[in-house]
Amino acid sequence: MNVPTLLQRFPQMGWKDRSAPVRAPGGITGLELPRGAITEVCGPASSGRTSLMLRALAEATSRQEICALADTNDSFDPASAAATGLDLDRLLWVRCGGNLDHALKVVDLLVHAGGFGLLAFDLAGVRQEIARRIPLAAWFRFRRAIEPTPSILLLVEQQPNARTCASLILETGKQQQHWSGHLLHGATASVSARKPVGAIHTRFDTRAVG
Amino acid sequence: MYACIYPLSGRPGWLNDFSPLVEFTAPDTVLLDAHGIGTLFGSPENFAAAIHARAQSEGLAVNVALAGNPDTALAAARGFSGITIVPPGAEARSLAPLPLCHLGAPPEIIGILHRWGLKTFGDLTALPIKGVAERFGLEGVRLWKLARGESRRPLVPPHEAPTFSESLDLDYPLTLLEPLAFLLARLLNELCARLESHGLAANEIRLRLALANGAEHVRTIRLPHPMLNSRTFLKLLQLDLENEPPAAPIVKLTLATTPVDPRVVQNGLFLPAVPQPEKLELTLARIAQLVGRENVGAAELIDTHRPGAFRMKHFGLWPDRPAAHTGQPHLALRVYRPPLQARVRSRDGQPVQIEAPGIQGRIVSLAGPWRTSGDWWRSDAWSHDEWDLALAGGTLYRLSRDRSTGAWFITGNYD
């Protein structure tokens, strides 16, 4: 049953078309993140997920937005973030010490507090079998809370967890590492959209710190 | 009418028995508003005599003067002994014999007047006012009118600084936080109403709880921005007390705030929205309750060569600086806190294979060792050799060897 038919049959339900979300630059060329929606960045370790998250946070703080990071496994490195250009004064960092329940409650509080330009939820260090246990209701709750706001909720993880609740699912592929003799110069990561399929396909270079 | 008492030091409480409006003009001079004294004291003479008698009963020898304006009463009290009544309309004549030193003029003007041969108020008032104005300007006119007893001004009562503190003695000791919240809400409402009536806000709340065991439980909540919302203050205090409850029943509570000017913000039309300060403080307090106060805030890099050194600071004070330029993305490091202890197989001093919880593999690329050490004069000195390495699967790690113990650690993963 399509939307016009539903509208005709159930006018009291208040069906309305959802307008296209406003998008904000995501920190790398060709990537824009939808506001008022959930974006998932997934991929294996060393695929550039965290670099992409830091880049998006740096981009948001450069727009003078206030950001927050719910760091489930306490793995955020302020030095890497500062080197990427992230304004640490504008980033609320919550270290959850490996407690996923606490991390979910923190995200819930942050989403409902409002006023944050970008909320990052780092689940990359959480084992997939544990991340899968997050109830779908939690993702629906986050999506519902963030919908009327201009905030971006960015999840960083190994595999997509929010799935239907996410408006954009990005997948980072295996990085191409740049070694020069016995020196690590950096890496090139590829980013492609898994949802909507093929909407984004881009690459970005990262430089080794120091 | 106005009464002046001279000399009278301090601020004796009995002055309010004579008048509700008192001005402490100088450390040794007091002016009283004597309007409407007729029904209480009868004539002005009776009023002056009553004041004089009261001062004498306190062991004070004072002059009391009554006049139609404060400055005339003041000059008369300073210039004439005992009780002086200056009748209305006779001010100039009454003050005429007083020496110029009682005029309260600047020394340079008094010096000039003396050089002119003027000694008394009467000498000064004998001069034409136009000439005085030409020579001394407005100040000269003011002094001329003062000498004639024509100055008019209201009394300035002492301004007592308002106190923003509330205290409550309890009839019985409180053991639960919920009833305490009701009492706190009452005190906070009163405090916030008082702050609001003075056009102020608070950036600090201090709660002092006297406990049944004689100890005191003191909590201080500092706010990054001045606020004036009793509900926010109450919630912050509740969360704080839930985190750090008092050790014994409460018998008395005292609540005080530090008054400051309210925050005035003019946001730009095109600036992005930021969290509301009240809501942000509550959110931070709730998060701190979950994960601990030390795990919430903004990271601040420490100026040291120690790898990964940072400290946490309170979040909420971001500078209003222009947008920073973001450069090229850097390879982000995901730090393992604490570092993972590893078993490493080496060949010619270089690691070739590593094994740690959840990590195992042959090293295919390696950079290092990079030697880092410092703070050798302190107990937490460090001395490490570090490698960047890639395993066969393509995962990048940072490996570290403690040079003092020889132990291997995986400190992070490049992502």
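A: The size of an interface is often given as the accessible area lost when the parts come together. Here, the area buried between chain A and chain B is about 5300 Å², with carbon and sulfur atoms giving 57% of it; buried area is the accessible area (1.4 Å probe) that two parts lose on being put together, summed over both. The model is predicted: local features need pLDDT of at least 70, side-chain atom pairs count only at pLDDT 80 or more, and totals for chains, interfaces and linings use all residues. Residues are numbered from 1 along each chain as its sequence is written, chains are lettered from A and ligands numbered from 1 in the order in which they are written, and side-chain values use heavy atoms, with hydrogens and water left out.

Q: How many residues of each chain are in contact?

A: Contact means heavy atoms within 4.5 Å. In this model, 66 residues of chain A are in contact with 57 residues of chain B.

Q: How many salt bridges are counted between chain A and chain B?

A: A salt bridge is a side-chain nitrogen of Lys or Arg within 4 Å of a carboxyl oxygen of Asp or Glu. The count between the two chains is 4. One salt bridge joins the side chains of B:Arg337 and A:Asp74 (3.2 Å, N to O).

Q: Which element gives the largest share of the side of chain A that touches chain B?

A: Helices (H or I, at least four residues) and strands (E, at least two) are DSSP runs, numbered from the N terminus. The largest share, 8 residues, comes from α2(A).
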